[in-house]
Amino acid sequence: MITAMALGMTAAATLPAMALVELNVNKGNVEPLPIAITDFQGGDALGAQISEIVSADLKRSGLFAPIDKSAFIEKIANPDATPRFDDWKVINAQALVTGSVGKEADGRIRAQYRLWDTFAGQQMSGEQFFANDANTRRVAHIIADAIYERLTGEKGYFDTRVVFIDELGAKNARRKRLAIMDQDGANVRYLSDGKSIVLTPRFSPNRQEITYMSYESGQPRVYLLQIETGQRELVGNFPGMTFAPRFSPDGQKVIMSLLRDDGNSNIFAMDLRSRSTTRLTNSTAIDTSPSYSPDGSQVVFTSDRGGRAQIYVMGADGSGQNRISFGDGVYSTPVWSPRGDLIAFTKQTGGEFQIGVMKTDGSGERILSTGFQQEGPTWAPNGRVLMFFRDSAGGPKLVSVDLTGRNEQPIPTANFASDPAWSPLLE
């Protein structure tokens, strides 16, 4: 458990009040903000470790440019004291982070930070956190989230996890394990033993639970897994094959496609309390990859009812089915942004695979990434970043890209990795 409390503001009283620094993330081209992140005082190597995690999180977002520590003029001895702002302005540090870390009498870690606007000469925010040793990295991610939010006005996404498929071995005999890690690739933990093929894990929006597919019975079945306890249950023993399960925004339903003997698949929703199932589409085509809008009122899915797979939107009860994509190529894996404003998708055209976004009416299509065999976008909980997987050098690896398409980052994993799904912010 992590607890937090605000630190009192301090400021240089002799300096005139000025507008505090901020980043407008809604502009088309955002220049990364130069920021100085000092080593947190105390705790020996722990302070430097927390500082490095905060710096790496902010840099990876593409919105911040951490300044090399070798350029620092002032050496922070007391992170609670007002810095010498002129020393930081000289190196163009528009924002400055100072902090400390130590051990409480009860064994808990206490970490605190202060965020300063160097040109206005003011403290912008400050908090301290108490946590056990196992949550040291989480504390750093939470601090990075707080800094991100104060400077951009948007929620951060660093204190999150990603569930994915870990792949190991030759391509024709690959072992696939369900795995989970921090969003930066740290703290990998395996949730299955690799004896059965597992696919398409997806997070519940309001608790640490996932739904996924497993072939352990010889054909794909949908399961629920409690991440912390390991408790697992079968969602339903449906005739035919089940694919692409996802939770509803309230976590009370799972929506999926079911394949019948005639080769057609339709979309069904199951109430997890009553286990009653409602059929939402009834076509002679392949309807698959459903994803709810964040308010639960609509569902986006793909269907080849028009001759090739395109993106459709319908009401959560199956009403008003309406095609929204009309571009060249084949569309798949649509997923609604948690902000509700965009739909991400995979598009295959001209021998290439593309990751893109469009507005919820199908307008404004933008391609963010193009490559060989890349697919499966998943949204960060703030709706600003996507993660997907791309085949390269013998197997798939995870990649993230922001909505500008200019900040593409590899996500480190020990083995090949596919089918990522981003968690909500941790609690």
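## Strands and their pairing

Two strands are said to pair if DSSP finds at least two bridges between them, and strands themselves are DSSP runs of E with at least two residues, numbered from the N terminus, just as helices are runs of H or I with at least four. The structure is a predicted model, in which local features need pLDDT of at least 70, side-chain atom pairs count only at pLDDT 80 or more, and totals for chains, interfaces and linings use all residues. Residues are numbered from 1 along each chain as its sequence is written, and side-chain values use heavy atoms, with hydrogens and water left out.

## An open sheet of four strands

Strands E26, E27, E28 and E29 form, in that order, an open sheet with antiparallel pairing. Because E26 (374–379) and E29 (408–411) each have a single partner strand, they stand at the edges, and one side of each is left without a neighbour in the sheet.

Within this sheet, E28 (residues 395–402) pairs with E29 in the antiparallel sense over four bridges, and Leu-398 has Ile-411 of E29 as its bridge partner.

## Two crossing helices

The axes of helix H1 (residues 45–60) and helix H3 (residues 136–152) come within 9 Å and cross at roughly 45°, where axes are lines fitted to C-alpha atoms, for helices over the stretch in contact, and angles run from 0 to 180 degrees between N-to-C directions. That angle makes H1 oblique to H3, since angles under 35 degrees count as roughly parallel, over 145 as roughly antiparallel, 65 to 115 as roughly perpendicular and the rest as oblique.
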